[in-house]
Amino acid sequence: MVPTRYVAVMGALVLGATSSVLLMQQWRVQRERREFAERYAKQIKASREAHAQSLNGGSASQDSVDISDADFDDEAATVKVIYGSESGNAEALAKSFVMTLRDRGVQAALIDPSRWAYMEDYWYHNKRNVPLFHPIKTATANSKSAGREKRKASQETNSSRPPLVYIFIVATAGEGEPTGNFMALFQEMQSAVRRATTAKAPNQSSDPTAGAVTSSASEEAPFKNIHYAVFGLGDSSYKYYCRCATDTNSLLKKGGGINVHRVGFGDARYGMQEDVFDEWQEKVMLALEEKCGLEMTTGTLAPPKPELQFRFLPCTSTMTATATSIVPQAGPCGAAEVTAAPSATAITDTVDPNRSVLLRTVIPSSAVTTDSSSASSISLPFPPPPALLEPSLTNPTRIRLVTKTQLSPPRDSDGSSIHRFCFEIEGTGISYQAGDHLGIFPTNPPEIVARCAKALSIPANELETPVELCEIVPSRGILRNVLPARVPLRVVLQRYVDLCGRPKKSTLRVLAKYCTDPIEQEAFLELLRLPADKEAEETAARNCAARQPKKLRTVVDYLEKFPSCCCIPLGHFIEVMPRIQPRYYSIASDRMSHGTNVEILVRVLTDGLSSAYLAHRVEEGEEVFAYVRISTFHLPQRIGEKRPILMIGPGTGAAAMVGFCYRKEALMRKHAAAQYGPTVFLFGAQRRETEYFVQEEVERWAMAPEEMRQWDDDHPNSHAGMAARRKKTPSSEPLTAPVITTVDCAFSRDQEEKRYVTYLIDKHKDLIYEMLTSSAGGGCLLFLSGEASVTAKDVDRALLTLLQECGGMTRMAALEFLRRMESDHRYLKDVY
């Protein structure tokens with residue numbers, strides 16, 4: 001008995017000693033890690049202080065590059081403005097909101113959710129399972145031993161803490177989906193709400209692998225105590241108008257969030273998004289004061305502080321030994337600005353002797369820590385696509401213009417005309433099919449760039465100097481270029497900054513605050529107070545005719561109209577200006593018929609940025625930057641089994657239909673034994689004589705097989721016979737049926753009564769009803785391409801009338817019939 005007790009005691013002692021040793025080792029490891037972190041933090045702090053001193057010539061000041069966590073920690077902001085943007089509009093409005101909040105004395109942060117450091121902490125360092133949007137660093141900083149002691153003090157001060165406020169400004173992409181940069185956060189919000197909903201269900205456990213936070217932390221409302229407001233951008237002509245905004249608002253509401261103000265909707269159809277947003281913004285700020293207790297000032301006329309750092313780089317032609325850096329510094333135009341030019345330390349203003357001269361100081365490149373990605377040699381305006389990946393929005397490629405052909409004379413009304421552009425894509429990695437969109441990256445006209453450079457008093461040598469616009473990465477303590485590439489300043493003004501588009505009010509407000517002339521500033525601000533609708537513009541034109549002799553269409557017009565605002569620092573001007581976005585055109589060709597060529601049909605406008613760029617500033621043999629945006633508007637491979645196809649394409653909406661016909665001809669030659677159903681093509685334009693630009697193609701496709709073969713022999717150089725001349729497709733044998741069985745056109749100006757494609761739908765209603773209700777080959781395919789605001793809605797109404805008259809359906813039954821076709825992907829729209 002005694003030996004047994006002795007063994008038990010000895011075992012307990014050994015176990016206790018072992019446990020003590022393990023605990024001591026764990027404590028030692030934790031202490032070493034903590035000491036290492038403290039040493040690392042001190043080293044980072046010392047390097048930042050040395051960095052700041054070197055930038056300022058030995059002493060840190062407000063003009064130096066400060067990379068402190070207090071200045072750049074988004075989590076310290078009271079209001080966080082999150083944006084989901086595709087074309088830059090939502091981002092511009094979000095920036096405007098942040099600047100307004102800061103001007104009113106509120107700490108606000110601009111959040112790009114795709115680059116939000118908080119999400120990394122939430123996914124990988126959220127040990128205490130803190131719900132989404134709640135602070136994580138504060139929660140993880142407290143150890144378990146100190147948690148009990150601090151809980152009481154935390155509860156006492158909880159009432160004095162500022163509320164958690166999130167403002168969402170989101171656009172809608174595709175078929176109601178979030179934009180690319182907002183997608184991951186949106187999906188995480190869905191997961192958080194789903195886990196909370198599942199946890200509340202009786203006798204049902206949540207999926208432990210769904211998301212970073214376990215169900216135990218999500219049993220309560222995941223967005224409890226989160227104050228929010230949502231603003232959506234879209235076009236009411238589209239089916240999924242502001243769907244992302246409404247879905248985001250529903251998730252926040254379902255997750256227990258506190259709605260500060262109702263959802264706002266900015267409709268691009270009427271061109272008043274900014275005016276609607278300004279009104280919504282003022283109401284949200286008033287609600288933040290009343291419901292969240294935020295204190296706001298009345299605002300000032302002082303220019304906002306730049307967020308990014310602009311700097312000149314060594315020019316390869318001069319081989320200078322030092323780079324130069326511009327440190328953002330807001331203030332009156334007479335104040336000194338730390339900036340530089342590589343070949344001059346001071347610039348004399350010879351344009352207007354009354355304007356303040358900016359002091360420019362050279363800063364050595366050794367004082368600036370730069371991201372390795374921006375340390376490469378000066379490259380193309382856009383980075384090339386990564387290996388094995390197709391060109392994209394951020395990585396377009398260069399394609400060569402082979403031919404450009406004018407298909408119609410200029411209109412008497414607006415001078416516009418139709419052109420066909422053919423590009424070579426061999427070796428670019430681009431793959432496409434008919435119905436996709438070719439995105440063209442245009443450039444500003446040289447005369448606009450010259451006017452802008454003159455207004456801003458930019459010397460000629462600076463225009464040829466490479467520049468960067470950098471953001472600070474707090475986690476790495478580096479500057480990262482936000483421009484697509486390191487290029488000369490002239491290229492920045494040509495390719496990046498939108499000088500020809502309608503100026504954003506947020507941009508104009510910044511310019512107005514830089515005005516040194518009080519009279520000019522008041523006149524500038526008065527223009528910005530006016531609404532953007534036509535009636536107000538006409539009233540303003542009558543009331544301000546003496547002061548506004550010409551219409552202000554571009555930001556350059558405003559710079560020339562109010563020259564005292566031109567003292568804005570160059571880097572801040574580039575920062576607040578919207579970026580040039582690619583213009584998208586429906587592809588009027590197909591790889592099966594055109595191989596490595598891609599064609600588009602473009603209406604060239606006299607004041608169009610992209611269309612005029614292609615027609616007048618790009619010559620055959622020259623290259624443009626472009627990429628293909630894949631769509632769902634495609635002609636499927638399965639078109640046999642007598643499947644009917646109805647194509648409606650007025651104006652340049654016929655481009656995709658032309659591509660479909662090229663594709664169908666190639667498929668018919670490839671699968672000659674298949675049986676093909678009726679194909680109807682309805683086209684519309686103003687006048688047959690001048691605007692029937694697809695006549696050659698559609699008339700050829702409507703020919704009988706033998707007639708088409710004879711026509712191809714008689715016209716060996718015709719553009720329409722391209723598919724027949726392709727070597728990869730068997731063209732020795734004629735087709736078994738016409739590509740188009742019925743083609744009809746409506747020309748609105750050729751007769752007294754205006755006729756559109758809806759007239760053609762009524763004219764062929766019996767045939768169209770038979771096609772729509774056919775089940776051959778899987779059912780009729782209906783394609784519609786054209787203007788969203790008028791054509792698409794008129795065609796929908798005409799189809800509803802057709803189903804009611806020919807099929808005896810009620811209106812609700814007809815609506816359900818078209819909805820079913822859309823859900824089955826048999827009624828496809830490509831509207832703009």
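Helix α26 (residues 788-807) lies across β18 (645-648), β21 and β22, and runs at about 160° to β22. Contact here means heavy atoms within 4.5 Å; axes are lines fitted to C-alpha atoms, for helices over the stretch in contact, and angles run from 0 to 180 degrees between N-to-C directions. Helices (H or I, at least four residues) and strands (E, at least two) are DSSP runs, numbered from the N terminus. The model is predicted: local features need pLDDT of at least 70, side-chain atom pairs count only at pLDDT 80 or more, and totals for chains, interfaces and linings use all residues. Residues are numbered from 1 along each chain as its sequence is written, and side-chain values use heavy atoms, with hydrogens and water left out.

**The sheet**

- Five strands form an open, parallel sheet in the order β20-β19-β18-β21-β22, where two strands pair if DSSP finds at least two bridges between them.
- The edge strands β20 (742-747) and β22 (827-831) each pair on one side only.
- From one strand to the next, the twist averages 10°.
- Strand β21 (residues 781-786) pairs with β22 in the parallel sense over five bridges.
- Gly786 stands opposite Val831 in β22.

**A covered helix**

- Helix α19 (residues 609-617) is mostly covered, with seven of its nine residues buried (under 20% relative accessible area; exposed is over 50%, partly exposed in between; 1.4 Å probe, protein chains only).
- Among the buried residues of α19 are Leu609, Tyr613 and Leu614.

**An exposed residue**

- Val7 lies in helix α1 (residues 2-55).
- Val7 counts as exposed because its relative accessibility is 57%.
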